[in-house]
Amino acid sequence: MKSYKRLPTIPNVAKGNGVAITLPVGNNYEKVDLYYEGVTPEQMTNIRLEIDGRMVSEWPDGSRLASMDAHYDRKGTDGALTFHFNRPELHVLAERRFFGLDTMGFQTATIRFDIASDAAAPALEAFAEVTQSIAGVANYLTKVRRFFIPVSNVGKFEIDNIPKPAGASIAAFHLYMPDTSDDADALASVTKAELLVDNVNWHDVDAVKAANRQVSNGRDPQVNESTVIDLIQDGDIRHALVLNDTIQDMRLRCESSAVGQVELMVEYIDLHAAGRF
């Protein structure tokens, strides 16, 4: 049976402080709603999900977390940031239930972040949708990892050093390079992103057409700030890129309309177990 629980009081909530949300272990978390007042999502920075002190996922701030959720058209809660540990955009209920933050067998589970020093008067409280952990049942978790790529010239560039942890899969690549020009389109500066695996191109389409296709599959692309290679846009997790030892080369071949830096957010899917990456 699913329950909705208030999480323990968050200590040290004040501007300029680092804070931690404690998730009592032994539960399977489908989502966590973090209600906030006197602070904006942009002012909650350096967000990390940790299990037994090891980072599982990271986001630069609450705005990025919300942006990635918005791409999937996940329904939010007014006045709250939501951490979706399940994947509500999957079409098959049984597959959605494979996902969650199962804390059985672990010692600690924590969401950490910093509150900016210019926050007004922060107040936080957290609630969680929880189901019972079942021993021996495989559980999968999305792990969000962040990488930085300098772009020194307008035009083509490649990203060829993306980690490929054996046994995991990749659901999506989010390339954040917001439009900073004065042009009228206000589109993100990565105008094309191709996915090549052992020289086979799996995503040979420009950013506008990629976003159009995503919209037709029920997505809400955040085209003003990101370009996304969404491998599971049809709601089928089996279309994720499986990372195995047969892959010799994996890279993104991109085109940019500006110079600067791309912030790449990779959504890995992995069996949630001790000792995994």
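How far does the backbone nitrogen of Arg 238 lie from a polar atom of the side chain of Asp 236? The separation is 3.0 Å, in a model that is predicted. The legends below describe close-up views of this contact and of other sites.

**Figure 1. The loop around Asp 236 in the predicted model.** Asp 236 belongs to the loop between strand 15 (226-230) and strand 16 (241-242). Its relative accessible area is 18%, and Asp 236 is therefore buried, the limit for that class being under 20%. A polar atom of the Asp 236 side chain is 3.0 Å from the backbone nitrogen of Arg 238.

**Figure 2. Helix 1 and its two ends.** Helix 1 spans residues 62-71, and seven of its 10 residues are buried, so the helix is largely enclosed by the rest of the structure. The buried positions are Gly 62, Arg 64, Leu 65, Ser 67, Met 68, Asp 69 and His 71. At the start of the helix, the backbone nitrogen of Ser 63 has a side-chain oxygen of Asp 61 within 3.1 Å. Just after the helix, Asp 73 adopts a positive phi of about 55 degrees.

**Figure 3. Arginine side chains over tyrosine rings.** Arg 64, one of the buried residues of helix 1, places its charged end over the ring of Tyr 176, at 3.7 Å from the ring centre. The ring of Tyr 72 has the charged end of Arg 87 over it, at 5.1 Å from the centre.

**Figure 4. The stacked pair of Tyr 4 and Phe 127.** A pair of aromatic rings is described by the distance of the centres and the angle of the planes. The structure contains five aromatic pairs. In one of them, the ring centres of Tyr 4 and Phe 127 are 5.8 Å apart with the planes at 15 degrees, so the pair is stacked. Tyr 4 lies in strand 1 (residues 3-6) and Phe 127 in strand 9 (residues 123-132), so that distant parts of the chain, 123 residues apart, are linked. Tyr 4 is partly exposed at 44% relative accessible area, whereas Phe 127 is buried at 14%. Ring pairs also bring in Tyr 35, which forms a cluster with Tyr 4 and Phe 127.

**Figure 5. The tilted pair of Phe 99 and Tyr 140.** The ring centres of Phe 99 and Tyr 140 are separated by 6.4 Å and their planes meet at 50 degrees, so the pair is tilted. Phe 99 lies in the loop between helix 2 (93-96) and strand 7 (101-102), and Tyr 140 in strand 10 (residues 140-151); the pair therefore ties together parts that are 41 residues apart in sequence. Phe 99 is buried, with a relative accessible area of 3%, while Tyr 140 is partly exposed at 33%.

**Figure 6. A nonpolar surface patch that includes Tyr 140.** Leu 271 is part of strand 18 (residues 260-271) and is partly exposed, with 35% relative accessibility.

**Figure 7. Asn 86 and Leu 101.** Asn 86 lies in the loop between strand 6 (80-84) and helix 2, and is buried at 15% relative accessibility. Its C-alpha atom is 7.9 Å from that of Leu 101, a residue 15 positions apart from Asn 86 along the chain.

Figure 8. The structure holds 26 salt bridges. Glu 263 is buried at 12% relative accessibility, whereas Arg 146 is partly exposed at 23%. Arg 276 is partly exposed at 26%, and Asp 270 is buried at 1%.

**Figure 9. A salt-bridge network that includes Arg 251 and Glu 158.** Shared partners join Glu 158, Asp 160, Lys 192, Glu 194, Asp 204, Asp 249, Arg 251 and Arg 253 into one network of salt bridges. Within the bridge between Arg 251 and Glu 158, the closest N and O atoms are 2.5 Å apart. Arg 251 lies in strand 17 (residues 250-256) and Glu 158 in strand 11 (residues 155-159), so the pair ties together parts that are 93 residues apart in sequence. Glu 158 is partly exposed, its relative accessible area being 36%.

Technical notes
Residues numbered from 1 in each chain as written. Predicted model: local features only at pLDDT ≥ 70, side-chain atom pairs only at ≥ 80, totals over all residues. Heavy atoms only, no water. Buried < 20%, exposed > 50% of the residue type's maximum accessible area, 1.4 Å probe, protein only. Helix = DSSP H or I, 4+ residues; strand = E, 2+ residues; numbered from the N terminus. Polar contact = N/O pair within 3.5 Å; in protein donor to acceptor, adjacent residues only side chain to side chain. Phe/Tyr/Trp six-rings, centres within 6.5 Å; stacked < 30°, edge-to-face > 60°. Lys NZ or Arg CZ within 6 Å of the ring centre and 35° of its normal. Patch = residues over 30% accessible without salt bridge, like charges linked within 9 Å, V, L, I, M, F, W, Y side chains within 5 Å. Areas by Shrake-Rupley, 256 points an atom, 1.4 Å probe, with all protein chains shown as cover. Salt bridge = Lys/Arg side-chain N within 4 Å of Asp/Glu carboxyl O.
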